[in-house]
Amino acid sequence: MSDAKQSAHKLLADSVIYYQGEPVGTVASLDRNAPAENYAECFVRDFVPSALFYLQDGKPDIVRNFLSLTLQTRDMQEELEGHRHLPRVMPASFKVTEDENGNETLSVDFGDRAIGRVAPVDSMMWWLLLLQAYVSKTGDTEFMVQDQVQRGIRMIVNIFLQDRFEVFPTLLVPDGSFMIDRRMGVYGHPLEIQALFFGALNAARFLLDKDNEHHRYLSDALDKRLQALVEYVRHYYWVDFARLNEIHRYETEIFGHESENILNIYPDSVPTWVLEWLPEDAGYLVGNLGPGRMDFRFFSFGNLLAIIFGLATPEQSDRILDVFEGRWDDLIGRMPVKILYPALEGPEWSLLTGSDPKNVPWSYHNGGNWPALLWAFVAAALRRGRRSLAGKAFELAEHRLSYNSWPEYFDGINGRLIGRRANFQQVWSATSFLLADMVLKNPDSMMELGWSRQQEE
Ligand code: GLC
C-alpha cells in the first residue's frame, strides 16, 4: 500500500467516535489546533465519504449505527420559541462526551450552536441517501422497514413536500444551509441543494415501505415533484452558448404565461467572464436561480452530484465534464476540486459574504480547492466513461495531500497554497481520497448504491 493510502487509513481509524461501545461516526478533523471546537464532532455531511468507503470496504455496521443514532437525536432538538413545528429533523453534527464516572452524554447541534446559526438542510437529504446506499449495498431491508426508520423517512418527506412560499418545484433555503455553511450569497435555490433534493426524493421513493398503503399517496406526490423538478432544473438552470444567445436577446417585463424568460432575467446581468470562460461546446448548471436572479458562478459539487444522481441528462453531463476538461487549471488546478468559480472580489465580496475574512477571494468557500470533493469528481467522470480525467485528478491528490498532512482546503486561483486557516488532519480529505481510489478500481461500485437514476434525455 502506498504511503499516502496508509496515512489516510490511519487518519480514518483514529477518527472513529464510539457510543455505548459501538462505532457511530467519524470526527471532522483531528487537528488539535482547529479554530472551532466543533471540528471534533461528527458532521453528518463529513461522514458521507467515510460511510461510503466503509460500505464499499464491507464494513457496514458503523453506517447502520450512525443512521440509527442520528435518527434518535431528532427528539433532542430544543423547541424554538414561537415555532409550533420544529424546522429541522437531522442535526449538523453530534458528539459524545464522557464524565469522570464513564457516563456518556450525547450532544447534538441542529444549527443552534453552529457558527452563524445555520440550518443544516442538507443533513436530512444525506441521511436518506446514506440509508439508501446502506440498504442497496447490504440488502438489510429489515432495518429499513422498522417503524422508527419508516417514521423518520415520512417526517423528512413531509418537510420536503410542505407548501411554503414557493412557486417553483425547487426547494427554497436560507444562506449557508449546506456544505457552504457561511454567508456566500447562496440563499434561495442553490444548485447543490436542488441536486441533493432530487437524490433524496428518489431515495425516499425507494425507501418507503411499499406494503404500507398510506405510502401510495406519498409516493405519488414524490413522483410528481420529481418530474417537475427534473424538467425545471434541466431547462432553466442550464447554460451553454445557445442559451447565452437567448438570454442576450431576452425580452423582459412580460406578464402572464407566454414568456420563456419566466424569471425576468435581464440580459445585462450576464457577467462578462462567462463569455470568455465557457468553452465553445460545453455547458453547465448555474449556481442559483430566482426572480430576476441567475447566479452564473460554477459550483462544482452541485454539477457533479447532478451527474451522479442523473439530474442532468447524459448529454448535459458530458458537457459539464467538458467544462472541467477545458478549464482544468481553473477547476482542478493543483488540487482537485475548486469549490466554485470565480471568486467574489471587491464590493461583491463585502456585500455577499458580509466581509468574511475566512472567505476572502480564492480561499475557503470563496473559490478554494477542496479535496473532500475528489470522490464526487471521480464518480461523475467514471459515470460518463471519462477515466483519464478521473485518473489525472486522483494523481494530483495522491502526490500532495498526505505530504501536506490532509489539509481541509487549498488557496489561490490554482489551489497551490495550503489554505490559510485550513485544518490539517481533516478526515473527509482523507476518506474522499480513499473512496476515489476504490471507485477508480471498481467503477461499478457507485452504481450499487442505488443513487444513479437511469439517465434519459
Ligand atoms: C466547514 C465546511 C462544512 C463542514 C465543516 C466541518 O464548516 O464548510 O461543509 O461540514 O467545516 O468539516
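Which element gives the most to the lining of the second largest pocket, and with how many residues?

Modeller: That's strand 9, which puts three residues into the lining. Before going on: this is a predicted model, where local features need pLDDT of at least 70 and side-chain atom pairs count only at pLDDT 80 or more, while totals for chains, interfaces and linings use all residues. Residues are numbered from 1 along each chain as its sequence is written, and side-chain values use heavy atoms, with hydrogens and water left out.

Strand 9 covers 293–295, and helix 14 (346–353) also supplies at least two residues of this lining. (Strands are DSSP runs of E, at least two residues, and helices runs of H or I, at least four, numbered from the N terminus.) The pocket holds about 360 Å³ of space. Its lining has 18 residues, and those nearest the centre are Met294, Asp295, Phe296, Arg297 and Glu348. (A pocket is an open set of points on a 1 Å grid over the protein atoms alone where a 1.4 Å probe fits, with protein on both sides within 12 Å along at least five of seven lines; lining residues have an atom within 4 Å of a point.)

Sorted by class, you get ten nonpolar residues in that lining, along with five charged and three polar ones.

Arginine 293 lies over the face of tyrosine 187, 4.0 Å from the ring centre. Elsewhere, lysine 392 has its charged end over the ring of tryptophan 328, at 4.3 Å from the centre.

Definitions and conventions. Grid points are joined across faces, edges and corners, and a volume is the space filled by probe spheres set on the points. Ala, Val, Leu, Ile, Met, Phe, Trp, Tyr, Cys and Pro count as nonpolar, Asp, Glu, Lys and Arg as charged, and the others, Gly among them, as polar. A charge sits over a ring if NZ of Lys or CZ of Arg is within 6 Å of the ring centre and within 35 degrees of the ring normal.
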